[in-house]
Amino acid sequence: MPALVLLGAQWGDEGKGKATDLLGGSVDYVVRYQGGNNAGHTVVVGDQKYALHLLPSGILSPGCTPVIGNGVVVDPSVLLSELSGLNERGVDTSKLLLSGNAHIITPYNVTVDKVTERFLGKRKIGTTGRGIGPTYADKINRVGIRVQDLYDESILTQKVEAALDVKNQILTKLYNRRAIAVDQVVEELLGYADKLAPYVADTVLVLNQALEEDKVVLFEGGQGTLLDIDHGTYPFVTSSNPTAGGACTGAGVGPTKISRVIGILKAYTTRVGAGPFPTELFDEDGEALRRIGGERGVTTGRDRRCGWFDAVIARYATRVNGLTDFFLTKLDVLTGWEQIPVCVAYEIDGKRVEELPYSQTDFHHAKPVYEMLPGWNEDISKAKSFADLPKNAQSYVKALEEMSGAPISAIGVGPGRDETIEINSFL
Ligand code: IMP
């Protein structure tokens with residue numbers, strides 16, 4: 001019953017795509033359990049580079065069944081164009097399974113996301129503008145549209161009516177926008193029904209049966225721990241639960257079935273969008289991390305904010321996810337610095353604080369307390385084992401491991417599929 005959860009331990013973009021893809025060969029199912037096309041995975045296979053937003057990265061491994069779980073929000077037009085884009089490049093996508101209970105990002109959810117952000121002005125969240133928050137809001141308000149609704153026109157029409165009743169009032173009266181016509185939305189959504197039909201399945205049943213049969217199931221989180229609606233830097237978060245518990249609700253698998261929880265941890269820190277970020281750099285080091293690390297959003301094309309590694313956050317991620325392992329990514333990006341600062345604690349209003357403060361105000365005031373670790377100059381991209389790393393790179397990894405509270409079981413030393421050092425097997 002090997003059920004692994006793989007999730008971001010920071011603010012997302014830690015390099016999960018590479019990690020899931022690396023495991024993909026030995027994994028039977030790769031499941032996305034939350035988020036939508038706000039995520040962005042870059043997977044490099046040979047000389048081919050794939051940018052995935054909604055599809056689980058297991059889609060690139062022939063033996064693997066990719067699953068979009070009930071906890072995901074799905075924009076059908078994005079899903080279909082991602083599928084046809086892969087088909088054009090010769091990737092077989094026929095094994096994909098899509099939960100009939102997953103919620104649909106409707107065109108009006110995308111509109112509401114954009115106008116709300118505009119309305120918030122300088123208080124905006126910096127969302128990806130893909131309709132994620134409004135779709136989850138509809139789900140919680142019980143006016144959401146689910147994949148299964150596409151197969152009952154009468155129900156679909158009633159549900160779209162119910163959702164638009166209130167939204168059109170808000171759009172026209174508050175935001176000064178034109179009302180959205182029910183018929184138009186229903187027609188657009190029905191147009192997706194036949195194309196999606198081959199993929200729609202009872203994914204909860206499929207996954208639980210797979211676990212009974214001892215198949216290897218990998219649950220792949222989008223975004224990251226600090227973007228979690230409950231455990232992240234609220235309100236500068238996404239509207240779902242990327243943390244480990246989200247895998248259970250978002251895929252319909254009980255917590256007793258999860259055997260391993262792997263946190264993906266970048267060797268430094270990045271963040272997209274607004275919100276506090278204690279180790280953020282505004283100098284040439286930050287610029288260098290952005291340039292060398294290629295820190296530009298796969299989904300939005302926005303430059304990522306960059307900073308040094310923050311061990312307080314890593315410890316927090318270990319705690320709220322019950323992490324059993326870390327996958328440290330992009331260690332190669334740090335090559336060439338004489339000394340590398342690592343944030344070991346915060347100073348908040350003159351006091352040293354070792355753990356992430358629960359108070360948003362305190363976190364906004366947190367200043368990093370740095371320890372300097374010696375850097376290295378050697379090219380590490382060809383390293384195949386831990387022993388191949390220069391001594392200072394080994395010490396950097398060991399120090400991070402000690403501060404973060406879980407073993408580092410794999411290290412990414414380059415973007416390619418094979419540029420990874422495996423220390424402990426995940427399976
Ligand atoms: P939303 O998920 O589009 O609602 O955006 C909410 C916040 O999460 C914004 O700060 C986004 O930049 C951030 N965000 C959403 N998805 C990702 C991701 O995959 N990586 C990093 N940040 C993300």
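No salt bridges link domain 1 and domain 2: the count is zero, where a salt bridge is a side-chain nitrogen of Lys or Arg within 4 Å of a carboxyl oxygen of Asp or Glu. What the interface of domain 1 and domain 2 does have is seven residue pairs in polar contact, both at pLDDT 80 or more. A polar contact here is a pair of N or O atoms within 3.5 Å; within protein, one must be able to donate a hydrogen and the other to accept it, and residues adjacent in sequence count only if both atoms are side-chain atoms.

This is a predicted model, in which local features need pLDDT of at least 70, side-chain atom pairs count only at pLDDT 80 or more, and totals for chains, interfaces and linings use all residues. Residues are numbered from 1 along each chain as its sequence is written, and side-chain values use heavy atoms, with hydrogens and water left out.

**The two domains**

- Domain 1 covers 3-91 + 202-422 and domain 2 covers 103-198, with bounds from an automatic or database domain assignment.
- Their centres, taken over C-alpha atoms, sit 29 Å apart.
- Domain 1 puts 26 residues into the contact and domain 2 puts in 18 (contact means heavy atoms within 4.5 Å).
- About 1,700 Å² is buried between them, 64% of it from carbon and sulfur atoms (buried area is the accessible area, 1.4 Å probe, that two parts lose on being put together, summed over both).
- On the domain 1 side, Val-73, Pro-76 and Leu-80 lose the most area to domain 2, together 30% of what that side buries.

**The ligand**

- The ligand has 16 residues around it, and the closest are Asp-13, Asn-38, Thr-128, Thr-238 and Arg-302 (a residue is near if one of its heavy atoms lies within 4 Å).
- A polar side-chain atom of Thr-128 is 2.6 Å from a ligand oxygen, while a side-chain N or O atom of Asp-13 is 3.1 Å from a ligand nitrogen.
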